[in-house]
Amino acid sequence: MLEREGIAMNHKRLHRLYRAEGLVLRRKRRQRASTATRAPLVCPQGAGQRYSMDFMSDSLATGRSFRTLNLVDDYTRECLAIEVDTSLPGERVARVLDRLIKNGRKPEVIVVDNGPEFAGRVLDTWAVRNKVQLRFIDPGKPIQNAYIESFNARLRDECLNQNWFVSLEEARRVIEQWREDYNQQRPHSSLDNQTPEEFARKCSLIAEAKKQLGLSL
């Protein structure tokens with residue numbers, strides 16, 4: 001991020017200042033990886049080709065639990081939505097997806113786990129009506145949904161674990177602010193240190209140029 005702002009600094013000095021200011025987040029130690037055979041994760045080749053969707057849980061200062069529905073474009077790494085509420089049934093999931101389609105963000109495929117909200121009749125009906133393929137991962141194989149799992153880890157470490165939410169309204173506001181910062185300000189190493197929104201805009205311009213070129217030919 002400093003490089004993006006034109007600030008040059010020796011990496012050792014930067015690391016000392018980073019630690020002195022207490023900017024290092026506490027992260028859980030990873031468990032030893034399983035040696036079981038895993039299905040290969042095929043990378044998408046364009047924006048909107050494949051989304052990933054998953055739930056997370058947290059609690060307010062009062063002890064009341066709430067959930068988040070996270071939706072990510074696997075190609076651009078954009079977080080398209082984080083829906084926050086105490087209950088997120090299949091009907092609510094369908095409404096979130098309808099909102100994305102209304103905004104021109106219709107996917108070809110959505111990767112999900114086997115939770116009842118995803119495997120139920122409501123989402124199945126929605127997928128058939130909108131001609132979107134639901135791809136379910138194998139039970140107990142979250143690695144098959146690695147894109148959203150990686151995003152969930154960031155959301156947990158950088159937002160949920162760093163805030164003490166007094167109310168559901170505060171949780172929604174803070175989480176949405178974090179989502180906007182993630183999309184608009186945070187360079188992503190897998191995107192050649194572009195932000196997800198920068199990369200998505202570039203993809204859109206390239207797609208439009210190809211379309212124009214095809215029409216001219």
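Modeller: What follows goes from the overall fold to the sheet, the cores, the aromatic pairs and some single residues.

Biologist: Before that, where do the coordinates come from and what do the values cover?

Modeller: This is a predicted model, in which local features need pLDDT of at least 70 and side-chain atom pairs count only at pLDDT 80 or more, while totals for chains, interfaces and linings use all residues. Residues are numbered from 1 along each chain as its sequence is written, and side-chain values use heavy atoms, with hydrogens and water left out.

Biologist: How many helices and strands are there in the protein?

Modeller: The protein has seven helices and five strands. Helices (H or I, at least four residues) and strands (E, at least two) are DSSP runs, numbered from the N terminus. Along the sequence the pattern reads α-β-β-β-α-β-α-α-β-α-α-α.

Biologist: What share of the residues is buried?

Modeller: Of the 217 residues in the protein, 38% are buried. Buried means under 20% relative accessible area, exposed over 50%, and partly exposed in between, with a 1.4 Å probe and protein chains only.

Biologist: And what percentage of the contacts join residues at least 24 apart?

Modeller: The value is 60%, among contacts between residues at least 6 apart in sequence. Contact means heavy atoms within 4.5 Å.

Biologist: On to the sheet. What is the strand order?

Modeller: The sheet is open, with five strands in the order β3-β2-β1-β4-β5 and mixed pairing. Two strands pair if DSSP finds at least two bridges between them. β3 and β5 (133–136) are the edge strands, each with a single partner, so one side of each has no neighbour in the sheet. From one strand to the next the twist averages 25°.

Biologist: How do β1 and β4 run, parallel or antiparallel?

Modeller: β1 and β4 run parallel and are joined by three bridges. Ser52 stands opposite Val111 in β4.

Biologist: Which strands does α2 lie across?

Modeller: α2 lies across β1, β2, β3 and β4, and runs at about 145° to β3. Axes are lines fitted to C-alpha atoms, for helices over the stretch in contact, and angles run from 0 to 180 degrees between N-to-C directions.

Biologist: Which residues touch the most other members of the largest nonpolar core?

Modeller: Met53, Leu97 and Ile110 do, in a core of 21 residues. The elements giving two or more residues to this core are β1 (50–59), β2 (65–73), β3 (79–85), α2 (90–102), β4 (109–112) and α4 (121–130). α2 gives the most, with five residues. A nonpolar core is a set of buried Ala, Val, Leu, Ile, Met, Phe, Trp, Tyr and Cys residues joined through side-chain atoms within 4.5 Å.

Biologist: What does Met53 touch?

Modeller: Leaving out residues up to four places away in sequence, the contacts of Met53 include Leu69, Val93, Leu97, Ile110, Phe118 and Ile148. Apart from this core lies another, of 19 residues, among them Val84, Phe151, Cys159 and Ile175.

Biologist: Now the aromatics. How many pairs are there?

Modeller: The whole structure has six aromatic pairs. Phe151 and Tyr182 form an edge-to-face pair, 5.2 Å centre to centre with 80° between the planes. Rings of Phe, Tyr and Trp (its six-membered ring) pair if their centres lie within 6.5 Å; planes under 30 degrees apart count as stacked, over 60 as edge-to-face and the rest as tilted.

Biologist: Where do Phe151 and Tyr182 lie?

Modeller: Phe151 is in helix α5 and Tyr182 in helix α6 (residues 168–184), so the pair ties together parts 31 residues apart in sequence. Phe151 is buried at 3% relative accessible area, and Tyr182 is buried at 4%. Ring pairs link Phe151, Trp178 and Tyr182 into a cluster.

Biologist: Is Asn152 buried or exposed?

Modeller: Asn152 is buried, at 6% relative accessibility. Asn152 belongs to helix α5 (residues 146–158). Leaving aside neighbours within four places in sequence, Asn152 is in contact with Asp54, Phe55, Met56 and Asn70.

Biologist: What about helix α1, how many of its residues are buried?

Modeller: The count is zero among the 10 residues of α1 (residues 11–20). α1 is followed by Gly22, which has a positive phi near 70°.

Biologist: And what is phi for Arg77?

Modeller: Phi of Arg77 is near 70°, a positive value in a residue other than glycine. Arg77 sits in the loop between β2 and β3 and is buried at 19% relative accessibility. Asp192 also has a positive phi, near 60°. Asp192 is in the loop between α6 and α7 (196–216) and is exposed, at 64% relative accessible area.
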